[in-house]
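Dear colleague,

Please find the structure below, together with a summary of what was found in it. I would be grateful if you could read the summary with the structure open.

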Amino acid sequence: MIYFDNSATTKPYNEVLDSFVTVSSKYFGNPSSLHSMGGQAEKLLSQAREQVAKLLSVRPSEIYFTSGGTESNNIAIKGAALLNRSRGRHLITSSVEHASVMAAMEQLEQVGFEITYLPVDEYGRVSVDDVKNAIRPDTTVISIMQVNNEVGTIQPIKEIGDLLKKYPSILFHVDTVQGIGKVPMNLYENRVDLCSLSAHKFHGLKGTGALFIREGARLAPLFSGGNQERQMRSGTENVAGAVSMAKALRMTMDNSKAGINNMREIQTLLRGELSSFEGVQIHTPINGSAPHIFNFSLNGLKAEVFIHALEQDGIFVSTTSACSSKKKTSSKTLLAMGVPETIADSAFRISLSFANTKEEALMVIAAMKKAANQLRKVMN
Amino acid sequence: MKYDRILIRYGEISTKGRNRNKFVEKLRKSVRIALAPFPNVKVEASRDRMYVLLNGENGKDVIGKLKNVFGIQSFSPAIKVDRDVEVLKQTSLELVTSLYNEGETFKITPKRSDKAFELNTDGINHAIGGHLLQNIPGLKVDVKNPDINLRIEVRKEAIYLSCEIIQGAGGLPVGSSGKAMLMLSGGIDSPVAGYMAMKRGLEIEAVHFFSPPFTSERSKEKVVDLSRKLAGIYGSIKLHIVPFTNIQQAIREQIPENYSMTTTRRMMLRITDEIRKKQDGLAIVTGESLGQVASQTLESMYAINEVTNTPILRPLITMDKTDIIKIAQEIDTLEISNRPFEDCCTIFVPSSPKTKPKREKVNRYESYFDFEPMIQEAVEKVETLVIKQVDEQHSEFESLF
């Protein structure tokens, strides 16, 4: 089996699973309980928080555990917009965000917020000037992803952060679900106020994630209840999930440097080999893109058919993002980049992990060649 | 350009006359403890300077640690070069080139503590300045507000180059002012008081009153965690845990309710003073802030303080709560202090404690019962923990992370 769909989700590290099982069975107390079992659970939770904070170079009090990227994005965007609604009702985002950002924005639109959806250039990148021009006196939140989940384009977070240093009252949310461990980013230096993480994208478990909320930034919580996570996220804490996430993040960061180099080499190999394919169009930009995502179209081939053809060889790749691929709509990101619909419909995404190898990439290339030839014969 | 050492300038130590060697030795110990995670680092101390030789350790991380060491006025990453004008020229050029961005300005601040060097300060200015201007196109001089300030210190043994001065934590090296007992409750104030006392050079041993089952293991853990934060300053800290249940019950039975708080504090102070004697301390540090609560009015302090004439140091006495909270945040104790567990001060709180207790009255109430044997018993049964910077319990969980 060759798994090349790591932007959809990753295989949890065995060590991460072990931690989860041990904590769940040995330290199952509720951190809010007063007895010593509660105390142990609380200790584990705060140690997990410290470790995640240290790995992100922020303070432990700025880390809030959530159920993953979607929840973090929702708390960040809705929580910030709602709490600041008396100051303004204008939000800015890009037209290539993840569904959980887009849908949250649309929901806010329905209750009276105004949203500016910034266009992107042919590489899928937002322009800092556009951000600047979109800012109004009543702008309260700007949400821009660090790495696009479909084509891998890196957004100019640093430049936007620098721009926003002049607008201290605007909250800057960055969705780093695809970028963490693969594209280094400093939250403080980039003036990020809110940042979403999802553990299952870096070999943690589904249902675990975190939101960074910079000290001083205030949000309205979305859940009402027992006021866990310093009132930001009610619900009994998922201690085992938090511990396993801390472990997954540490292992990811430990391997990050070598992993990035490895994925970059594989991507270069894929790019070189694929460019000789008939009717190929590569969507992932050469410069300013993440090392692990590679998106391209094979002209005249229906993506879905192609994916099933590869699957017969034990190869798993993806059409667009996993969250929207079932809807059978064309990739929003590619359309926003100006790619014609017919080409966008035949787009594939290969997404790598640190553990993938060049040998695997060569096998995938060979399988793709074979499948493309066969399918073209049938379809023509 | 890689710095190979960090030059440390002493704070007030420099004014301490004949005690200077002692102070320098204490500072050197503090620096060693702070830099324990970097095994290759070497610390060299002289009368008026200290050098941390990096030996390949990460300079940025070392600087992060040094920022918290008391007794350091400022420090600079530096390069040591031989006393040779050509070498000096060459290294200066490399250093400034590595920092220079298009259009920036510079100046040279020479200092010649060894007058035997062939060039005087003007000469250094000329030789090095000229060399830099010739070799870096676009570089300009600005003596008032330069982007790069190249400091050249000529000393007997060598010349030191540096471009940056980083402010240190100030204060005096821990232990240089002697030893005191810190009454550590678990609240926000007492750890801050301990921190400030340490900043003035005190070595601290913490005293905590523990009343099981009225206060839980978790409230004790909270105090252990607070102590660990303070241990971070000096590697380790002693924590004396006093069994206090019996005394608190006796007070409840013997003393009128509105005076029970006053007597409780007097007992705590007497016990702390006994421990102080045993441990050869010379003072007691508390987190009291004038008028903050009933026990911290001037009348209360007057009534409570009667039981000892040991100096009681109250670093927070004139500070507002908001300022105390700010420091608690900086030293990372606020979150721990805010954990919601009962401590010895919050149980048995009378509904209306006296804010203006009288000495005569409290003495009269206490005269009907002999507390002395109970105090002796409590002191004998004190449990003393040595709290290290690194949590051992944490390491039990190590494999999970």
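In this predicted model, chain B and chain A bury about 1,700 Å² between them, with 52% of that area on carbon and sulfur atoms. On the side of chain B, Arg218(B), Leu400(B) and Phe401(B) lose the most area to chain A, and together they account for 47% of what that side buries. In terms of contacts, 14 residues of chain B meet 25 residues of chain A.

The interface holds 1 salt bridge. Its partners are Glu42(A) and Arg218(B), whose closest N and O atoms are 2.7 Å apart. Helix 6 (217–234) and helix 14 (392–397) of chain B each supply at least two residues of the side that touches chain A. The largest share, 4 residues, comes from helix 14 of chain B. By type, the residues on this side of chain B comprise 4 nonpolar, 4 polar and 6 charged.

I also draw your attention to helix 3 of chain B. At the start of this helix, a side-chain oxygen of Asp84(B) comes to within 2.8 Å of the backbone nitrogen of Glu86(B).

Yours sincerely

Key
Residues numbered from 1 in each chain as written. Chains lettered and ligands numbered in written order. Predicted model: local features only at pLDDT ≥ 70, side-chain atom pairs only at ≥ 80, totals over all residues. Heavy atoms only, no water. Polar contact = N/O pair within 3.5 Å; in protein donor to acceptor, adjacent residues only side chain to side chain. Contact = heavy atoms within 4.5 Å. Buried area = accessible area lost by both parts, 1.4 Å probe. Salt bridge = Lys/Arg side-chain N within 4 Å of Asp/Glu carboxyl O. Nonpolar A, V, L, I, M, F, W, Y, C, P; charged D, E, K, R; others polar.
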